[in-house]
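Here is a short note for a colleague opening this entry for the first time. Please keep the structure in view while reading.

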Amino acid sequence: MPSLNTTAVTPSSRQPRGAVKIYYLDDYGNSVGEIVPGWTSWEVDNNAYRSADTFRVKFSAALMPSTRDINWLSNQANIGVEIFANEGPLDPNNYVPLQADSLIFGSVDDVAYDPVLGTIELTGRDLTAKLIDTKTSEHFKEKTSSQIATILAKRHGLGVGNIVATSKTAGYYYAHDHSSTTQEQSEWELLTYLANLEDFDVYVKGRDLYFQPRVASTGNYIIDWKPPDAGHGYAISNVVDLRFTRALHIAKGVVVEVHSWNSKSKTGFSETWPRNAKAIKPGQAEARSQVYRYTFPGLDRDKAQQRAQSIYKQIVAHEMRLTGYLPADSILDCSKMIVVQGTGSSFDQAYYPESVMRSMSMSEGYRMNIRAKNTGPVLENPQ
């Protein structure tokens, strides 16, 4: 795959810029957005889990405009925040905030005020929170998964970023699911339940909901490490800090069993991945291997084995882990693969990002902290 970033390390300086936009309802109930000065730091955490991305913004109370001070903030019931940033404008003397990249658009959960330090802090989540915080007893038995995703998106004013059509109704899955489907749950739990059954990704980005098959990365984000040598007594890299760990309890081996129910034959069955572990039964697993068991309704044997293989990949992906931080850019997100090269070890491989947290402050500039994971070469391609 092509490299998405430039890894050459050359002396240079950047002029990163950021802006915070606050949204509120005017006297007529209309949403109004306004760039608010006075922030001293912020962070945006983009994660790969089926949960909301989060943000945190800190303001100096003395620098905020009088129309948006702590008295105003402490009396608002609904506040939205959008954070913009880039590595540097084309014209540093004429910065246009809205031409920068929008890193997150979300709702404030908490307003914190410290009168001693004179700081105001806003924390919150992206619009996934609308689905997380809304409980429902509906199960839409006559609707397909994609139709349900579209209905819930429209209820909350979310756009349809990409909702790929599915064929089976929710009622089909419920009929084969022996668990209770009458309990109240959040709309997000319902969507993630359906996404698991369809083997889909579900997430909110900006103002849009996505419900689609997993999208393969179109390129790699390279971390290049050159250790000290005779020519230079220091390491050269495009990262500031880089650390690795390997989980040996996963490296010893993993077995995934998927159980399902065949409605035609009225019998249950199970499929296992890796295939050479089929003879393993409860209580008889090798001492070296951990056995993970799952039940999914309505699968045939081929689908059950595909699901076992998919889950296996998710579990062993935690074997090799990296953390680090580097100057922030607008390229890396949790859909891109990170490829490490140059350490001269088994840690030179591809990793799936778990979290890309961008932050900007007067003291540390514009940086991003990353966490990523993957399986090692031994478990990557089992038979």
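1. Start with the overall picture. This is a predicted model. The chain holds 8 helices and 22 strands. Of its 383 residues, 44% are buried.

2. Next, contacts and surface. Take the contacts in the chain with a separation of 6 or more: 66% of them link residues 24 or more positions apart. The accessible surface is about 20,000 Å². Carbon and sulfur atoms supply 50% of that surface.

3. Now look at helix α3, residues 145-155, and helix α5, residues 187-198. They pack at an angle of about 155°, and their axes lie 10 Å apart. Angles over 145 degrees count as roughly antiparallel, so α3 and α5 are roughly antiparallel to each other. The crossing of α3 past α5 is left-handed.

4. Which residues make this contact? From α3 come S145, I148, A149, L152 and R155. From α5 come E187, L190, L191, L194 and E198. By type, the residues of this contact are 6 nonpolar, 1 polar and 3 charged.

5. Finally, find V202 in strand β11, which spans residues 200-205. Is V202 buried or exposed? Its relative accessible area is 4%. Buried means under 20%, so V202 is buried.

6. Check the surroundings of V202 too. Leaving aside residues up to four places away in sequence, V202 touches R50, W188, L191, T192, A195, L209, Y210 and F211. L191 also belongs to the α5 side of the contact with α3. V202 and P213 are 11 residues apart in sequence, with 8.7 Å between their C-alpha atoms.

Notes
Residues are numbered from 1 along each chain as its sequence is written. This is a predicted model: local features need pLDDT of at least 70, side-chain atom pairs count only at pLDDT 80 or more; totals for chains, interfaces and linings use all residues. Side-chain values use heavy atoms; hydrogens and water are left out. Axes are lines fitted to C-alpha atoms, for helices over the stretch in contact, and angles run from 0 to 180 degrees between N-to-C directions. Helices (H or I, at least four residues) and strands (E, at least two) are DSSP runs, numbered from the N terminus. Angles under 35 degrees count as roughly parallel, over 145 as roughly antiparallel, 65 to 115 as roughly perpendicular and the rest as oblique. A crossing is left-handed if the near helix is turned anticlockwise from the far one by less than a right angle, and right-handed if clockwise. Contact means heavy atoms within 4.5 Å. Ala, Val, Leu, Ile, Met, Phe, Trp, Tyr, Cys and Pro count as nonpolar, Asp, Glu, Lys and Arg as charged, and the others, Gly among them, as polar. Buried means under 20% relative accessible area, exposed over 50%, partly exposed in between (1.4 Å probe, protein chains only). Accessible areas come from the Shrake-Rupley method with a 1.4 Å probe; for residues, only the protein chains shown count as cover.
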